[in-house]
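Colleague: I would like to go through this model feature by feature. Please give the general idea each time, then the case here.

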Amino acid sequence: MNKLITFEGVDGCGKSTQLRRAAAYLRDQGCDVVTTFEPGDTSLGKEIRRLLLAGEFVPVAEAELLLFLADRAQHVHEVIQPALASGAWVLCDRYSDSTLAYQLAARKLGDAGTNPCNEILNGMLSFAECGVSPGLTLWFDVAVDEAMRRMQQRVKAGEKSTRLDDEAVSFHERVAAAFVEQFSLQPERIARIDAGVDMDAVAQQVEAVLKQRFEALA
Ligand code: TYD
């Protein structure tokens, strides 16, 4: 199976911590692991990330979509593809499922209604992947109110929130609903992790899924 594993979920679901723990687990098993994230893990991407998230600009929904996709194409070519080609496992914090949830669903770009429009949008997502789709996606499922509570704690602890973190609860609810729907459509690729429990219990679920999906780890 393709060794690109993506980590997805609403803001505050805890996936970034779990990505670090999964990387440590895989390294303990002797695997070569590259960890990365979107948006922003290339030189160009760093600039795109600033434009998208710092709050200085408020792109229209269409421009926001195109900027996330530009970041992805650059990221696939510069980071993901070379790492996979070298035989490494690639753990990526967010990928196309986030674009589907945040831009197509929560920003309602996919609501323009007509099928041709949705086909074009899905085509654009796949174009930006440049042929590299995840072998496995871990979806960290947590109630939006719990996720927002965690985000508020982080802000209190001094972390700066992004322009998207600061969206209304209804926006985050649409993001969450989109992840639920994607999981129902693609259960073979997407594994649901209950992220409402403590960190160790979440990490155990992740390890169990990795062992179950990848023969080399069993
Ligand atoms: P980040 O600070 O990296 O947060 P997180 O740890 O939650 O991933 O912020 C990335 C933000 O960008 C997050 O709010 C989700 C959003 N995003 C999109 O809206 N579309 C996308 O395609 C991607 C990759 C991220």
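Colleague: Which residue just after α4 takes a positive phi?

Modeller: Lys 108, with a phi of about 65 degrees. Helices are DSSP runs of H or I with at least four residues, strands are runs of E with at least two, and both are numbered from the N terminus. This is a predicted model, in which local features need pLDDT of at least 70 and side-chain atom pairs count only at pLDDT 80 or more, while totals for chains, interfaces and linings use all residues. Residues are numbered from 1 along each chain as its sequence is written, and side-chain values use heavy atoms, with hydrogens and water left out.

Colleague: Is α4 largely enclosed or open, and why?

Modeller: Buried means under 20% relative accessible area, exposed over 50%, and partly exposed in between, with a 1.4 Å probe and protein chains only. In α4, 9 of the 11 residues are buried, so the helix is largely enclosed by the rest of the structure. Among the buried residues are Ser 96, Asp 97, Thr 99 and Gln 103.

Colleague: Which helices supply residues of the shell around the ligand?

Modeller: A residue is near a molecule if one of its heavy atoms lies within 4 Å of it. Here α1 (15-28), α2 (43-53), α3 (61-85) and α4 (96-106) each supply at least two residues of the shell. α4 gives the most, with 4 residues. There are 16 residues around the ligand, and Asp 11, Arg 49, Arg 94, Thr 99 and Gln 103 come nearest.

Colleague: Which polar side-chain atoms lie by an oxygen atom of the ligand, and at what distance?

Modeller: A polar contact is a pair of N or O atoms within 3.5 Å. A polar side-chain atom of Thr 99 is 2.6 Å from a ligand oxygen, and one of Lys 15 is 2.9 Å from a ligand oxygen. For Arg 72, a side-chain N or O atom lies 3.3 Å from an oxygen of the ligand. On its own the ligand has 550 Å² of accessible area, of which the protein covers 90%; such areas come from the Shrake-Rupley method with a 1.4 Å probe.

Colleague: Are Gly 131 and His 172 buried or exposed?

Modeller: Gly 131, in the loop between α5 (115-129) and β4 (136-141), counts as exposed because its relative accessibility is 71%. His 172 lies in α7 (residues 169-185) and counts as buried, because its relative accessibility is 3%.

Note on methods: A polar contact is a pair of N or O atoms within 3.5 Å; within protein, one must be able to donate a hydrogen and the other to accept it, and residues adjacent in sequence count only if both atoms are side-chain atoms.
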